[in-house]
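User: I would like to learn how to read the packing in this structure. Where do we begin?

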Amino acid sequence: MKIYRLAIIRQKYRPDGGSERFASQMISILKTQNLNLNIITRKWKNIINSNCNIHLCNPFIFSRINREKGFSKKAKLICKKEKFDLIQSHERISGCDIYRAGDGVHRRWLIQRARIMSKWKRKLLFLSNYHRYIINAEHKMYSSPKLKAIICNSKMIKQEIIDDFNIPSEKISIIYNTIDHKKFIPSNTIQRNILRKKFLIPEKAHCLIFVGSGFERKGLSATIQAVSKTDSYLLVIGKDKSEKCYHDLAKSLGCIHRIRFMGIQKKILPFYQISDALILPTLYDPFPNVIIEALSCGLPVITSTTCGGSEFIISNKNGFIIDALNISEISSAILSLPRKILESKMSKEARLCILFYTPSYLLKKLFSLYNRLIK
């Protein structure tokens, strides 16, 4: 069979970015296959050049709109010059063969964000030139006759695309995020106690983990408010320019002594292994990788109805699904978690539900799609 030339478009890699981490994982898998793999990017720190052609596309940036427009224009020029067999974009760029909707539907995110804003700020949000540009770019991309297929990482996003852009269901493939469940494993008592001592978490304390940068969208405010009504500890992994506001919130609620702000961590496994559950009441998230990482480590997950990852959660079995802003329900969910997570039934159910979603599952799904489109 002819070796076809596949181009993957993604602006850059950020170690704490879920979409970028999925793209990085996907690229690592595709590099092992017999194809000509090309990456069109501004900057991607961890790409190894073997078996992979890097096309740097880094036009000057002086505004958010210019950043998107400039990259889109230059990426299209590269695609036109190189004449790839398939173009898979992880950015909202019209003219691609495949679009992976890892960032969801922008209008839907704005609707959820508006829930926590004052009336006048909501009006400004929808009048923003940047947000209007992104919404228009999505419409242009989805209406392009060149678009052959869409990859979604959750049923939630698939339905939003069908409803908002009138896309036929058969054009959309759901390919879930995957996990190396041999790497992300539950802890044992000895490991757990050593790690807890290192990070100043009492041995017998109930401890939650929150993972994600962009604290407003991920729901850290609601998390801190809910934790304040319990005796649980909280590990916060990630960064945000407004981090001080969340420190101040925890102080005002009298729970700052039970919260550890740990910043971005390159090695996140130890933090899962000292925790009893993941909490992520996100306002809007197509499918955060942290959910399957936590599940693989045997952690129940508390997440929101506007998170695609909730499709893996069965309430009272391997976690809880709540409204992102319902503090009372989030607190109740925390209190309903097992106090001793190791070897608990909820922990076993958490890990069991993700064992099928391996890198080989991802490879099979991708190549099934690619081969169908090439033919």
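Analyst: Begin with contact, which means heavy atoms within 4.5 Å. Leaving out residues up to four places away in sequence, Tyr370 touches Tyr4, Leu6, Ile8, Met26, Leu30, Leu86, Gln88 and Ile98. This is a predicted model: local features need pLDDT of at least 70, side-chain atom pairs count only at pLDDT 80 or more, and totals for chains, interfaces and linings use all residues. Residues are numbered from 1 along each chain as its sequence is written, and side-chain values use heavy atoms, with hydrogens and water left out.

User: How many residues does the largest nonpolar core have?

Analyst: In soluble globular proteins, nonpolar side chains tend to be buried together. A nonpolar core is a set of buried Ala, Val, Leu, Ile, Met, Phe, Trp, Tyr and Cys residues joined through side-chain atoms within 4.5 Å. Buried means under 20% relative accessible area (1.4 Å probe, protein chains only). Here the largest core has 86 residues. Leu30, Leu234, Tyr272 and Tyr370 have the most contacts inside it.

User: Which helix gives the most to this core?

Analyst: Helices are DSSP runs of H or I, at least four residues, and strands are runs of E, at least two, numbered from the N terminus. Helix H15, residues 359-374, gives the most, with 8 residues. Another core lies apart, with 35 residues, including Ala7, Val105, Met117 and Leu147.

User: What share of the chain counts as buried?

Analyst: Of its 375 residues, 56% do. The chain holds 15 helices and 13 strands.

User: How much of the contact set links residues 24 or more positions apart?

Analyst: Such pairs account for 68% of the contacts with a separation of 6 or more.

Definitions and conventions
Buried means under 20% relative accessible area, exposed over 50%, partly exposed in between (1.4 Å probe, protein chains only).
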